[in-house]
Structures are given as structure tokens and as C-alpha cells.
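Welcome! Let's take a walk through this structure together, one step at a time.

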Amino acid sequence: MGNVLVYAEHAHGKLPKATAVAVTAAKEAAAKMGGGDVILGLFGSDVSGLTDAAGKLGVSKVATLESPALEHHAADVAAAALKAIAEATDCDRVVFASTSKGKDIAPRLAGAMGASIATDVTGINDDGSIERPMYAGNAFATVEMHGDKKVLTVRTTAFEAQADEGSAAVEAVGADISAPANAIQFVSVEETKSDRPVLTEAERVVAGGRGLKSGENFTTVLEPLVDALGAAMGASRAAVDAGYVPNDLQVGQTGKVVAPTLYIAVGISGAIQHLAGMKDSKVIASINKDPEAPIFQISDFGLVADLFEAVPEMTEKVKGL
Amino acid sequence: MKILVPVKRVPDAETTIKVNPEGNGIVEAGVKWVVNPFCEIAIEEALRIKESGVEAEIVLVTIGTSDSQEQLRTGLAMGADRAILVTADNSDPWVVARVLAKIIEKESPDVVIMGKQAIDDDSNVVGQLLAELIGWPQATFISEFKLEDGNAAATCVREIDGGLETIKVPLPAIITADLRLNEPRYASLPGIMKARKKPLEEIDAGSLGADLTPMLTVKSLTPPAERKGGRMVESVDELISVLQTEAKVL
Ligand SMILES: Cc1cc2nc3c(=O)[nH]c(=O)nc-3n(C[C@H](O)[C@H](O)[C@H](O)COP(=O)(O)OP(=O)(O)OC[C@H]3O[C@@H](n4cnc5c(N)ncnc54)[C@H](O)[C@@H]3O)c2cc1C
Ligand SMILES: Nc1ncnc2c1ncn2[C@@H]1O[C@H](COP(=O)(O)O)[C@@H](O)[C@H]1O
């Protein structure tokens, strides 16, 4: 068997925590799915500013590939780049974090390599089979992946982040990646700007639902509590659909999966699709005016109250701590 | 233009899913089967393209057993023109993608609009895998779609981790729909009547020459770990106090 490759996601000249999580999962894949070294696959139009940080991720080698066509990690060329890196470094397994980029590229790479693929992996068993959720987390499947080549995307809440250690050698892969004739064109990116912690990395998350009733109330009622707690803000699908907050705050089956130390759900009923994204939080507290709200059944602490009274009161008292 | 929409039959999102005692599937009694919500959104988008004045034929395709006829009829009742049922196991993303590649070869659509994710396996794989197998570009997780350049390309807004990204994708392409692309219509009564007479072709997967060997085997299903909850507090003060002293998270 060969080695294990990790997709180095990066943005704004940084490697996110998700990449460090993928390294940990890759080490498990090396230990339980056939051995080998863990190699980081780092590519883009210019990755020179990232190699130092990449080398500290506890991998045995950083393999780089640069091409102007790789600037945005468009899935088709990104898959071609990873395939080339995998071949050059003798990797037969490739691990991604289940981020939007990881989900965009990983299946395409599986297609290019002829590899089996499992997404949202939450565990790797000693016999090499994997665990993954299905049916919005109502079932966990033990899955056997066939063939010598395997591609995995892993849940970032299910593996620890690799701590900085060592400094791995950096080796450029000599492959020529150019944009295909039918390449997509990037037009623009509208990034949600926020000084708060990243939702998927935060120790505390305060999430709001339809109960907030407007975007303005998110700003005036919920955000002061979010900031008093130094938390990240999350939301239910209903709140996003109603336009109260941007799409990237959605927590759930089809949004982000989070597992902070403290998750406070405010005006969220607790639909299974929402629970799928936050049920693994260490402590869950919820505020809802409906005593029958299903969110209470999975909450460590529930408070039946009108959020428009309870949240400002809690904000003031938290500030006084 | 021809729009191909792959759809999947799945349990309704409102149904509570339980693992069966044998641990090899779900309890099917009482489950209502529907068109996967993301596929419904894909159908709706195809209908809106046609209604915007583009001359279009909308073809639905599903891989599954004859039970899936019901979901194809639902899509036809919404307004799609015809449907194809390929009888094969519908659970392996590789098998589904290989079969869809054959159907695309046969039908030569100008665009494929599909769901980003099936809510049973929650894989989020088939669209991207298919795009690679046939060498088409992809626009995944989209919340806006607009034809451009005399229908030779489409501008798509994608929901990504940090916000929204706009790309222009040349056609033919694989497009996968996210939740906020549109709100699907219900089938009307006349729509349901008309759907009965619309063509629904059945093809045996074996006749397509696709490799039907699965790449994954689900060995067992287990229910999720139970989370103990349900303790109520009486006031904000008590909530803060328990978070501080018991949970030690404040
Ligand atoms: C395919 C699919 C995918 C989905 N994916 C997701 C997902 O990823 N994430 C997600 O969150 N949802 C998802 N959903 C939607 C999910 O099923 C629910 O519809 C949604 O989570 C409901 O959001 P909510 O709890 O904010 O709204 P509601 O269910 O309307 O609940 C609002 C709550 O606020 C309470 N409330 C109202 N006023 C007050 C007040 N003044 N004080 C205190 N409480 C108040 C009410 O009692 C109620 O419990 C998905 C659905 C489908 C079909
Ligand atoms: N059996 C199937 N038949 C037709 N289309 C499917 C099937 N399975 C998945 N798809 C399509 O692929 C999308 C993503 O599914 P998945 O990758 O399984 O989450 C779905 O929304 C459908 O559009």
C-alpha cells in the first residue's frame, strides 16, 4: 500500500483548522487502512507563503504544485492537481475535511482516481471500515470501502486538530496543470465579514431561529449575547431562508456541523435537521417560549421564556460576570 | 434546450427514521416516500427556465426499483415532459453516477440540474463524481441560476463556507441545487391528470452497459448515541448559575 494524502485547504494565506483536523484523520487512515506516511498536498497559484505553516502540521512531507489555473481550487483542476500529487508521492488514499471546498472537490477526485468515496466520515474502525451518519444523523452506518484507492471527507467535529510539530520537507511536484477549454470563470465572492470566532471552530455558539422574527432582532437582541460570551453566531435554516442572516451561519444536516463546548439555541424548535448539526456539542442550553419544543429533549438545560425578555437579561448578567 | 434532472426517491424529511432491529436498514412501516427535497428544487428550476421563454424539454431520470415510478409521476405532475426509470440498485453513488453517464450519452442534454444531496444517504457525491466521469464542469450548491450568452453558459451563485461565490459555467455542465435556489411548487390537479399520459420509459440497467459493481458496502446501521437532556431551569439566574457551577462552561 502507498501513502495518505491530505488536501490542504487554504484561504487568505492561511491554513484553516479544518486542514489540521484532516491531518489527524489521515494519520488514523494510515494506521488502520493500510499504513504509509501522511503527506500534505498544497497547491494554488502561489503557495510560497504557506509552506512554513504547512510544514508544521505533523506530516512527513509537503508536496506542492503551482499553476495560475489553480488559483481558486476550481473542482476540475483541483482534482487533476491532487491526482498528480498523489501519483508523484505514491498516495492511494486522500483525506479532505468536509468543508464546502472539500465536498466540491473530493468526489471529483474519486472519479479521476477510480477510488471509492465516503463523505462526512466520523470514525475509522480498526478493520479499515468507516463510520458515517445517514438520514440526518438518525443512523450511523459502518461502511466498507472497496478497491485500493479511497477518498474520504471527514467531519471536523469528529477528529482533533493536529497540533503544530516538527518541520516537514517541502517538495515541488513537476506536473503541468492548465485550465480545460470548458473551465468555469470566477466572477466574484461575497464574503460574510465578521470579527467573531469562526462558527466551526468556536468554543461557544449562540444560534438563533425563526423565533427572532427579523434580521434586526438578530442584531439588537441576539448579537449582544453572542458578543458578551465571545461566541460565534449560528442560525437555523428557517432564519436563513427568511433572510434574517447570511447562508453561511446555517447549522444542520445541510449546513455546518458544530460541536462547541457551549451551544445556546434561542427561538429554535429543534427539528432533526437542525439537531444533526449541533447534537454533539458538549453542553446545550436552550431558550424557547414553547414548553413542548423538541429542542428541550436534547438540551442539558432548558428555559421556557420569551426570548425578548430572557436574552437581554442574560446579556446584562453575563457582562457582569 | 434539453434539461436532464436526476431525482431520487427518499423517505420524507418529516418522517422520524429509526434503525430496524436487525441493524441492516430502517424501519419502513409508516415511512412516506417522496422526491428528495433537493431534487424537487432542481425540477422547479428546470420548470422556471422553460417558463422564462426558453424552448426546453425537461427529462427526469431515476435509478431505482419500480416503486420510484411514483416519484417520477410527481415530477411529471409538476410539469416535466417525460421520465426515465433505470432499474438498478439506487444506493451506491458510483453505480448511480455510471448509469447517469450512460443516460447522458444517450440523451445528450444541454444541462443537468440535480440535487446537491440525497437526504437518505446524505452523501453529496453523485453530481461531482458524474461531472468528472463525463468531463463536464460543475457548479455545486447553487442558490441562483441564470442562462447567459444565448444559453451557452450560466451564471451561478454558490453557497460556500464563507458566504456566496459567483461563477460563470459553460454549458453543458452539472449543476447541483442548494436549498435556497427556489421554492418548489406543488403539483396541480390538472398537472396530475396530465402526468398520467406523459411518457415514462423503463430501462434495465444491464442493457446500458454500465458497470454496476458497487464501491461501498454498508455493513450495518446503528442508532445514534442518545443524548440525555430535558432538565428545565426556572429563570435566567438559574441558567447562568448551572452553566457556571455545574457545567463549568461560563
Ligand atoms: C432537506 C432539508 C434540509 C434541512 N436542513 C436544515 C439545516 O441544515 N439546518 C436547520 O436548522 N434546518 C434545516 N431544515 C429545516 C428544519 O426542518 C426546520 O424547518 C428548521 O430547523 C426550523 O427552524 P426554526 O427552529 O428556527 O423555526 P421553527 O420551527 O418555526 O421554530 C421557531 C421556534 O421559536 C420559538 N419562539 C417563537 N417566538 C419566541 C419567543 N418570543 N421567545 C422564545 N421562543 C420563541 C417557537 O416556540 C419555535 O419553537 C431542513 C429541512 C429540509 C426539508
Ligand atoms: N438513485 C438515483 N437516481 C437518480 N438520481 C440520483 C440517485 N441518487 C442520487 N441522485 C442524484 O444525485 C444527487 C445527490 O445525491 P447523493 O450524492 O446521493 O447525496 C441527488 O439529489 C440526485 O439528483
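Predicted model: local features only at pLDDT ≥ 70, side-chain atom pairs only at ≥ 80, totals over all residues.

In general, nonpolar side chains of soluble globular proteins tend to be buried together. Take Val151(A) as a place to look around: leaving aside residues up to four places away in sequence, Val151(A) touches Val94(A), Phe96(A), Ala106(A), Leu109(A), Ala110(A), Met113(A), Ala115(A), Ser116(A), Ile117(A), Ala118(A) and Met145(A).

Now let's turn to how the two chains meet. Contact between them takes in 82 residues from chain A and 73 residues from chain B. The size of an interface is often given as the accessible area lost when the parts come together. Here chain A and chain B bury about 6,700 Å² between them, with 56% of that area on carbon and sulfur atoms. On the chain A side, Arg108(A), Tyr135(A) and Phe301(A) supply 12% of the area buried against chain B, more than any other three residues.

Polar and charged groups take part as well. Between chain A and chain B there are 45 residue pairs in polar contact, counting pairs with both residues at pLDDT 80 or more. The interface of the two chains also holds 6 salt bridges. For a salt bridge you can find in the view, go to Lys219(B) and Asp127(A), whose side chains meet at 3.2 Å, N to O.

Finally, how is chain A itself divided? Chain A has domain 1 (3–172) and domain 2 (204–319), and their centres, taken over C-alpha atoms, are 32 Å apart. Their contact takes 5 residues from domain 1 and 7 residues from domain 2. Together the two domains of chain A bury about 580 Å², 53% of it on carbon and sulfur atoms. Within domain 1, Ala136(A), Arg155(A) and Thr157(A) lose the most area to domain 2, together 75% of what that side buries. By class, the side of domain 1 that touches domain 2 has 1 nonpolar, 2 polar and 2 charged residues. Across this domain interface there are 0 salt bridges.

How values were computed: Residues numbered from 1 in each chain as written. Chains lettered and ligands numbered in written order. Heavy atoms only, no water. Domains from an automatic or database assignment. Contact = heavy atoms within 4.5 Å. Buried area = accessible area lost by both parts, 1.4 Å probe. Salt bridge = Lys/Arg side-chain N within 4 Å of Asp/Glu carboxyl O. Nonpolar A, V, L, I, M, F, W, Y, C, P; charged D, E, K, R; others polar. Polar contact = N/O pair within 3.5 Å; in protein donor to acceptor, adjacent residues only side chain to side chain.
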